[in-house]
Amino acid sequence: MLFSNPILDLIRGRKSVRTYEREPVPPESRQALESFLGSLPGPPFGSAVRLLAVSADPDDPYALKGLGTYGIIRNPAGFIIGAVQPSDDGLFDFGFLMEAACLKLLDLGLGSCWLGGSFRKSRFAGRIGSREGEIVPSVLSFGVPSGKKSWIERVVTAGAGSAARLPFEDLFFDGDFSHPLTAAAAGTAAVALESVRLGPSASNRQPWRIVRDDRDGSFHFFLRMSAAYQRQLKWVGAVNLQAVDMGIAACHFSLAAEATGLKGRWRRVPGPPPSDPDAGLYVVSWSPAE
Ligand SMILES: Cc1cc2nc3c(=O)[nH]c(=O)nc-3n(C[C@H](O)[C@H](O)[C@H](O)COP(=O)(O)O)c2cc1C
């Protein structure tokens, strides 16, 4: 994936931006975004994820017509809309690729915000032309960041506790879930893990838990689903946004690992990884390249 700025700066500098200037995105940035989306590699589980950028156009007042966000987003210059089949692996892959697009937007000087709930699903699905069985789990709004926040953005960010992140040792473990992993003990993987910690997640729930396997240096990713999201999944048509969060985490881990010289690959390990019944659901592992 091609970024002009150092990827670690992008990961560290990203935060959700919900209020934009009334400015369209310059044509060269639109072009760069489109070619980035067109050149994305296959995601870890190989799902077919379709991503489409739609932008406000000074010559077309209807370019974003109907793409509503219930007032959460002010003056969007565009959206990235994604569609995928609704399996957990599909949602993971969707999160993986959409987050790469989110970092690319920042690379182009644009702010963005993930939207999993606050968007008019049927309108966005219509715009991407969603196919049989596909869903639009989330979209990304984008635009030139405004220095000001709308009152609604202030309310949303206070509610989601946006800046707050769980401590490193509450998220990452050494060997099994009874041994917290400190950044110092994580050694060369500390930056990749910290990059996961800085990632966005639905309602800032940070459901990722990662165990380092001391046998081969793998990192096993678990999803600790929050009770609120578990309840939501019982609703008809509710999307497992925390599966999307796991893909976002894997995207940050991959990019940061690569930037710090760690080579590895995603796989599901055949034997049971070090687990704990309360730990959550095993999702995937990153294993060092042999
Ligand atoms: C899958 C997903 C769905 C999200 N849905 C919404 C949403 O519907 N409305 C919203 O205002 N923010 C949404 N967010 C943004 C999160 O609230 C935000 O990422 C989190 O609070 C952390 O803040 P930060 O992105 O500024 O670091 C979503 C984030 C993710 C990853």
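Which domains does the domain assignment of the chain give? Domain 1 spans 7–156, and domain 2 spans 168–288. This is a predicted model. Colour the two ranges separately before going on.

**Stop 1: the domain contact.** Display both domains. Their C-alpha centres are 24 Å apart. Domain 1 puts 21 residues into the contact, and domain 2 puts in 23. Now select α1 (7–13) and α3 (88–107). These are the elements of domain 1 that give two or more residues to the side touching domain 2. Helix α3 makes the largest share of that side, with nine residues. Colour this side of domain 1 by residue class: 13 residues are nonpolar, four are polar and four are charged.

**Stop 2: the sheet.** Next, find the open sheet of five strands. Read across it in the order β5-β6-β7-β9-β8; the pairing is mixed. Select 172–174 for β5 and 264–267 for β8. These are the edge strands, and each pairs on one side only. Look at how neighbouring strands sit: on average they are turned by 25 degrees against each other, direction ignored.

**Stop 3: the helix on the sheet.** Select 241–259. This is helix α10, which packs on the sheet. It touches β6 (208–212), β7, β8 and β9. Compare directions: α10 makes about 155 degrees with β7.

Stop 4: Which residue of β9 is the bridge partner of His220? Select Ser285 to see that partner. Show the backbone here, because strands of a sheet pair through backbone hydrogen bonds.

Technical notes
Residues numbered from 1 in each chain as written. Predicted model: local features only at pLDDT ≥ 70, side-chain atom pairs only at ≥ 80, totals over all residues. Pairing = 2+ DSSP bridges. Helix = DSSP H or I, 4+ residues; strand = E, 2+ residues; numbered from the N terminus. Axes fitted to C-alpha atoms, helices over the stretch in contact; angles between N-to-C directions. Contact = placed C-beta atoms within 7 Å. Domains from an automatic or database assignment. Nonpolar A, V, L, I, M, F, W, Y, C, P; charged D, E, K, R; others polar.
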